[in-house]
Structures are given as C-alpha cells and as structure tokens.
Amino acid sequence: RDNSTVQNMRGNSTVQDMMGNSTVQDMWGNSTVQDMWGNSTVQDMRDNSTVQNMRGNSTVQDMWGNSTVQNMWGNSISRDSGNKKIKISSECDYEIVKEENKKS
C-alpha cells in the first residue's frame with residue numbers, strides 16, 4: 001500500500017494487492033500480481049508473468065515474452081513492448097495519439 005516497493009518477483013511468487021503508489025520493479029518466471037489499484041505500477045514483466053486485474057490509474061511499463069494482463073478497468077494502461085502494442089482499458093478516457101515529427 002501507499003509508497004511500497006517490491007524489487008524482484010521470481011519463480012512462482014505472488015503479490016495479492018498493489019494499492020496507492022506501490023511499485024513492482026521486475027516480474028520473472030510465473031510470478032503473479034492479482035490486483036493493481038490506484039496509481040500502482042509494474043515496471044517490467046517477463047517470461048510467463050501475469051497481472052490478473054488492473055484498476056484505477058495502474059500501469060505496466062514494459063511486457064516481454066509470454067507475460068499477460070488479463071483484465072483492465074478504469075484508466076489502466078499497459079505497454080506490450082515485445083509485440084509493439086499499447087493496451088488501454090475499454091473504460092479508459094485517454095486517447096492514444098501517434099505524433100509525427102514535423103519537418104522544418
């Protein structure tokens with residue numbers, strides 16, 4: 001909760017609830033975050049790691065390998081770097097805009 005941080009999740013490790021401004025730096029193996037709330041963030045997901053539910057303004061910065069996000073609500077956003085996709089919740093009130101560099 002609040003400003004808590006988990007540095008590394010490996011193997012079959014699990015975090016049940018992330019709330020407030022909590023952060024998980026790295027997820028590897030079959031690690032799982034069950035619920036993300038508030039402004040919680042996962043920096044890097046790799047291998048078969050999973051986030052089951054994202055809510056609020058939660059964010060996954062980078063996903064690689066077979067990592068997955070199962071459900072997204074609110075303004076949750078994940079960046080699937082391995083597949084070059086940005087995923088937003090269907091409820092998200094943000095708009096994805098691709099900027100073009102202007103020639104001078």
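## Asp-2, ahead of the strands

Asp-2 lies in the segment that comes before β1 (5–9), where strands (E, at least two residues) are DSSP runs numbered from the N terminus. Although Asp-2 is not a glycine, its phi is positive, at about 60 degrees. Asp-2 counts as exposed because its relative accessibility is 56%, the classes being buried under 20% relative accessible area, exposed over 50% and partly exposed in between, with a 1.4 Å probe and protein chains only.

## Basis of the model

This is a predicted model, in which local features need pLDDT of at least 70 and side-chain atom pairs count only at pLDDT 80 or more, while totals for chains, interfaces and linings use all residues. Residues are numbered from 1 along each chain as its sequence is written, and side-chain values use heavy atoms, with hydrogens and water left out.

## Asp-47, in a loop

Asp-47 is placed in the loop between β5 (41–45) and β6, and this residue, which is not a glycine, also has a positive phi of about 60 degrees. With a relative accessibility of 37%, Asp-47 counts as partly exposed.

## The open sheet

Four strands form an open sheet in the order β2-β4-β6-β8, and their pairing is parallel; two strands pair if DSSP finds at least two bridges between them. At the edges of this sheet are β2 (14–18) and β8 (68–72), each of which pairs on one side only.

Within the sheet, strand β4 (residues 32–36) runs parallel to strand β6 (residues 50–54) and is joined to it by four bridges. Thr-32 has Thr-50 as its bridge partner in β6.
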